Amino acid sequence: MEETKSDHDAVQQHLLVDMDELGETKQKLRISELTLILDTGVPILSDVSVDIPNGLIVGIIGPSGSGKSTVLRAMNRLWEPPKGTVFLDNQDIRDLDVLSLRRKVGMLFQVPVLFEGTVADNIRYGPQLRGKKLSDSEVTKLLNLADLDSSFATKNGNELSVGQAQRVALARTLANDPEVLLLDEPTSALDPISTQAIEDTILKLKKTCKLTTVVVSHSVRQIQRMVDIVYLLVDGKIVEVLRPDRLSEANHPMARRFLELS
């Protein structure tokens with residue numbers, strides 16, 4: 001077990017050198033030794049540690065049931081992590097108001113669920129909760145960010161395709177001006193065109209807004225197209241930390257098997 005940990009530490013150290021070359025050293029989000037054990041005694045996560053540098057896109061991949069979405073949900077308290085395990089800008093997220101945290105750390109789910117009303121109503125929803133009304137031009141700007149034109153503002157959710165609804169859900173999340181965006185299998189239910197639109201939007205947000213993003217995906221190719229750092233999770237444990245162009249260097253047997261089959 002100690003040898004595996006040493007191998008992981010060596011990969012992590014090499015990765016940190018690469019990140020320094022990119023000029024990205026500040027950690028926006030940090031997970032430290034996060035563990036989750038069910039009441040039945042079944043371990044879901046075991047000492048998971050993840051560093052998420054400011055302005056980068058971090059990917060978490062691994063076999064089904066490895067705990068990827070559970071890690072993601074801990075980052076904005078969709079399940080309550082233990083104190084001292086998840087930090088935003090070096091502050092324990094358990095010390096933050098949960099609604100304030102979820103505005104700062106927005107999340108896009110696998111299947112889009114829109115509220116009743118128009119697309120514009122959906123996009124205005126979050127800001128209205130804190131007493132701000134978005135103008136028509138602000139709604140249009142958010143639609144454009146999500147690769148939709150202004151004509152969508154007056155449409156109802158039942159008029160949209162799944163891909164269009166997911167882009168509206170993304171625009172609704174961005175309306176809260178998040179500092180971090182969490183993506184849980186965001187394109188698994190979408191066609192290739194909608195998938196590319198979502199990917200292009202995320203890359204554009206990184207370039208123009210320096211938006212820190214964490215994406216869980218079943219698609220290794222998508223991860224390679226989008227992310228800067230890849231964490232491989234197997235049976236609730238981080239077993240590899242690599243750059244996306246070096247996934248072939250994975251040493252862990254289950255990680256290698258997952259990558260070969262994906």
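In this predicted model, the side chains of D136 and R124 meet in a salt bridge, with N and O 2.6 Å apart. The pair links distant parts of the chain. D136 belongs to helix α5 (residues 136–145), and R124 belongs to helix α4 (residues 119–129). D136 counts as exposed, at 57% relative accessibility. R124 counts as buried, at 11%.

E199 and R225 form another salt bridge. Here the closest N and O atoms are 2.7 Å apart. E199 lies in helix α7 (residues 192–209) and R225 in helix α8 (residues 220–226), so the contact ties together parts that are 26 residues apart in sequence. E199 is buried, with a relative accessible area of 6%. R225 is partly exposed, at 47% relative accessibility. Salt bridges with shared partners also join K28, D89 and E179 into one network.

A helix and a strand are joined through R73 and D184. The side chains of these residues meet in a salt bridge of 2.5 Å, taken from N to O. R73 lies in helix α2 (residues 68–74), while D184 lies in strand β7 (residues 180–184), so this pair ties together parts that are 111 residues apart in sequence. R73 is partly exposed, with a relative accessible area of 27%. D184 has a relative accessible area of 5% and is therefore buried, the limit being under 20%. In total, the count comes to 12 salt bridges. Side chains of opposite charge can pair when their charged atoms come close.

Attention now turns to strands β9 and β10. Strand β9 covers residues 229–234. Strand β10 covers residues 237–242. The two strands pair in the antiparallel sense, over five bridges. Within this pairing, V230 has L242 of β10 as its bridge partner. The two strands form a hairpin, with two residues between them. In that hairpin, D235 takes a positive phi near 50 degrees. Strand β10 is mostly covered. Of its six residues, five are buried.

Terms used
Residues are numbered from 1 along each chain as its sequence is written. This is a predicted model: local features need pLDDT of at least 70, side-chain atom pairs count only at pLDDT 80 or more; totals for chains, interfaces and linings use all residues. Side-chain values use heavy atoms; hydrogens and water are left out. A salt bridge is a side-chain nitrogen of Lys or Arg within 4 Å of a carboxyl oxygen of Asp or Glu. Helices (H or I, at least four residues) and strands (E, at least two) are DSSP runs, numbered from the N terminus. Buried means under 20% relative accessible area, exposed over 50%, partly exposed in between (1.4 Å probe, protein chains only). Two strands pair if DSSP finds at least two bridges between them.
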